[in-house]
Amino acid sequence: MAGRPPRTPDGPLNPPLVLASTFHAGGPVAYGRDGNDTWSAFEAALGALEGGPCVAFASGMAAASAVFEQVPVGAPVVVPSNGYYGTRAALAGAPAGRFEVRMVDLSDTPAALDAVAGSALVWIESPANPGLEVADLAVLCRGAHQAGAVVAVDNTFMTPLGQRPLEFGADVVVHSVSKLIAGHSDVVLGAAVARPDGGLAERLHRHRSMTGAIPGPLAAYLALRGLRTLPLRLERGQASAGELAHRLVGHREVASVRYPGLASDRWHELARAQMTGFGTMVAFELAGGASAAEAVAGATDLIVHATSLGGVETQIERRARWPGESAPPSLLRLSVGCEDVEDLWDDLGHALEVASRVGRRSRAAKPVRVVTPHTAGGEADPPR
Ligand SMILES: *Cc1c(COP(=O)(O)O)cnc(C)c1O
């Protein structure tokens, strides 16, 4: 019911797409940089799922930046060394002295607790993008709060249906709504959901108004529409991801598989304790190295070779093709969508066969060309 208009005879079931830069005088919003009914509908729905007031932003990175800006100048910020590269790049790219950036593998709890001492913000991503390392949310939230830090959790990979970080003590949850929540690879949008007390949501709202990091109404409309089917897409993607991960284990072209749902996975028990599913993402490394991985990504047919994740279409990418990404060279990230799992396995199996031929050839001759994406102005664009 959240995000729906009141039930009045002949009233629409869905909130209308409100395109307005200004509103009749006398209300609290007045101008389109401060509020919009279509944003509010989306925010009501996502806020209800995460358990706090939600503020939508132009993108996941805009939401993240709004949280970073709450940190005093020069204060230490703890970020995962192995999480989403854009987060690290945004902090590292800030003017000198703006932040003291402390990078640490947050799945290593003792190292993480050491890094947290004296920090102002602890940024958690679990499971991490792309390596799927799992961080102990309850322990890290407690440690961070003892140190006086604010805790933000990037919940893009699990969505509120798979993990609710506010319940583990986080102060704010950040989403790249562009991924699973919107779910159809046609929206760039972000959101931050704060705990109900403490006034953080109000500060983030003010930041959005003042910096203009506002969503487009159409993006918010599409994201809300996507959110309505998230349970079904997540359930399907998760079931298929588990099956594919299981089949990839032991495949002769595959050196290792990371999926928290595998009983053999290093973080399986922790994942079971804090997540209600294991997600739609699988990461695996190829025995034949980077060129074999690139060959697999290039040889799939049904599976789309593209960056980003969380769409209805299954996506594959060799993450290390992005300069600055810390992922192992042969790691392929698979975002499992809604196709038939047998069709996906046929496609992946065929692509792995191609890789095995590349592997044999490259051991004898020169390796296949490794595709590096376009980079703007000599600097790598943060990968998705
Ligand atoms: C994509 C992504 C982001 C950035 O979100 P945008 O909507 O692309 O700005 C942040 N965190 C994670 C984990 C992501 O996958």
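**Figure 1. Buried residues of helix 11.** Ser291, Ala292, Ala293, Glu294, Ala295, Val296, Ala297 and Ala299 are the buried residues of helix 11 in this predicted model. Buried here means under 20% relative accessible area.

**Figure 2. The shell around the ligand.**

Figure 3. Glycine 60 places a backbone N or O atom 2.9 Å from an oxygen atom of the ligand. For methionine 61, a backbone N or O atom also lies 2.9 Å from a ligand oxygen atom. Asparagine 129 uses its side chain: an N or O atom there is 3.1 Å from an oxygen atom of the ligand. The ligand taken alone exposes 380 Å², and the protein buries 94% of that.

Figure 4. The chain has 12 helices and 12 strands. Its radius of gyration is 21 Å, close to the 21 Å that the globule rule gives for 384 residues, so the chain is as compact as a globular protein of that length. The C-alpha trace spans about 75 × 55 × 45 Å along its principal axes. Of the 384 residues, 54% are buried. Among contacts with a separation of 6 or more, 69% join residues 24 or more positions apart. The chain exposes about 16,100 Å², with 55% of it supplied by carbon and sulfur atoms.

How values were computed: Residues are numbered from 1 along each chain as its sequence is written. This is a predicted model: local features need pLDDT of at least 70, side-chain atom pairs count only at pLDDT 80 or more; totals for chains, interfaces and linings use all residues. Side-chain values use heavy atoms; hydrogens and water are left out. A polar contact is a pair of N or O atoms within 3.5 Å; within protein, one must be able to donate a hydrogen and the other to accept it, and residues adjacent in sequence count only if both atoms are side-chain atoms. Accessible areas come from the Shrake-Rupley method with a 1.4 Å probe; for residues, only the protein chains shown count as cover. Buried means under 20% relative accessible area, exposed over 50%, partly exposed in between (1.4 Å probe, protein chains only). Helices (H or I, at least four residues) and strands (E, at least two) are DSSP runs, numbered from the N terminus. The radius of gyration is taken over C-alpha atoms; the globule rule is 2.2 Å times the number of residues to the power 0.38. Contact means heavy atoms within 4.5 Å.
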